[in-house]
Amino acid sequence: MLHATPAIALNVGLIVLSYLIGSIPFAVVVSKLMGIQDPRTYGSGNPGATNVLRSGNKSAAALTLLGDAAKGWFAVWLVQRIGGPDGVTWNVVALSALAVFLGHLYPVFLKFRGGKGVATALGVLFAISPWLALATAATWVIIAVFFRYSSLAAVVAAIFAPLYYLFGSRLAWFAQPPLLAAITVISVLLILRHHANIGRLLKGTESRIGQKKKD
């Protein structure tokens, strides 16, 4: 029992660290560094790349997208690296993946009002498997290009992500139930975060990519 205590403390610490990494608000940080308006004050008010794009600054939007994706990847990668020679259990990796995503959705640094998590979720998937991330990103791109709705692309990609993981497990990797559960929960949360967008899509009032948000 005494020997298990340090391991438990390490695991809890890694999960908390993942949440804190996820809480880093790149949309706000990038906007401030580049001298543009705080993304929480215009458009959807969402601190994410899509809303930053509404400022007209494509570079800021790209940096925000990269930062949000990188933190998702880095947190999960770091947990696996810090785990020591024996590594950490898949349960800890899965909980860390979920924690970094929740950090983006409910960041402690922004009074728990965060983004919708598309880029961060992609980063998490990339840490689990680059092929899984590529398939999910390709789905987003295809839907976005044809329909010009970021929200629709995100919802469709979220639906397919767990399916891609299951399908890919038959070809390239062995499916880990904790990771499948984490990916599924992340997908459900991402879809729920887009509930207002889904409502506007059904009404035909949703803003297209690059278009200023409709009142």
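Colleague: Happy to start with the rings: how many aromatic pairs does the structure hold?

Modeller: Keep in mind that this is a predicted model. Rings count as a pair if their centres lie within 6.5 Å. On that basis, the number of aromatic pairs in the structure is four.

Colleague: Are the rings of Trp73 and Trp77 stacked, tilted or edge-to-face?

Modeller: Their centres are 5.4 Å apart, and the planes meet at 20°. Planes under 30 degrees apart count as stacked. The pair of Trp73 and Trp77 is therefore stacked.

Colleague: Which helix holds both Trp73 and Trp77?

Modeller: The two residues are four apart, about one turn of the helix. That helix covers residues 58-82 and is α4.

Colleague: Is Trp77 buried, partly exposed or exposed?

Modeller: Good one to check against the cut-offs: buried means under 20% and exposed over 50%. Trp73 has 31% relative accessibility and so counts as partly exposed. Trp77 has a relative accessible area of 32%, so Trp77 too is partly exposed.

Colleague: On to the spaces, then: which helix gives the largest share of the lining of the largest pocket?

Modeller: That pocket contains about 940 Å³ of space. Of its 49 lining residues, the closest to the centre are Thr50, Leu65, Val118, Trp140 and Ser150. Several helices supply at least two lining residues each, including α3 (49-53), α4 and α8 (150-169). The largest share, seven residues, comes from α6.

Colleague: By class, how many residues in that pocket's lining are charged?

Modeller: The lining of the largest pocket has 23 nonpolar and 18 polar residues. The charged ones number eight.

Colleague: Last one: what is the volume of the largest cavity?

Modeller: The structure holds one cavity of 30 Å³ or more. Among its 13 lining residues, Ile24, Pro25, Lys71, His104 and Pro107 are the closest to its centre. By class, that lining has six nonpolar, six polar and one charged residues. The volume is about 40 Å³.

Methods:
Residues numbered from 1 in each chain as written. Predicted model: local features only at pLDDT ≥ 70, side-chain atom pairs only at ≥ 80, totals over all residues. Heavy atoms only, no water. 1 Å grid on protein atoms, 1.4 Å probe; cavity = no way out; pocket = protein on both sides within 12 Å on 5 of 7 lines; lining within 4 Å. Points joined across faces, edges and corners; volume = space filled by probe spheres on them. Nonpolar A, V, L, I, M, F, W, Y, C, P; charged D, E, K, R; others polar. Phe/Tyr/Trp six-rings, centres within 6.5 Å; stacked < 30°, edge-to-face > 60°. Buried < 20%, exposed > 50% of the residue type's maximum accessible area, 1.4 Å probe, protein only.
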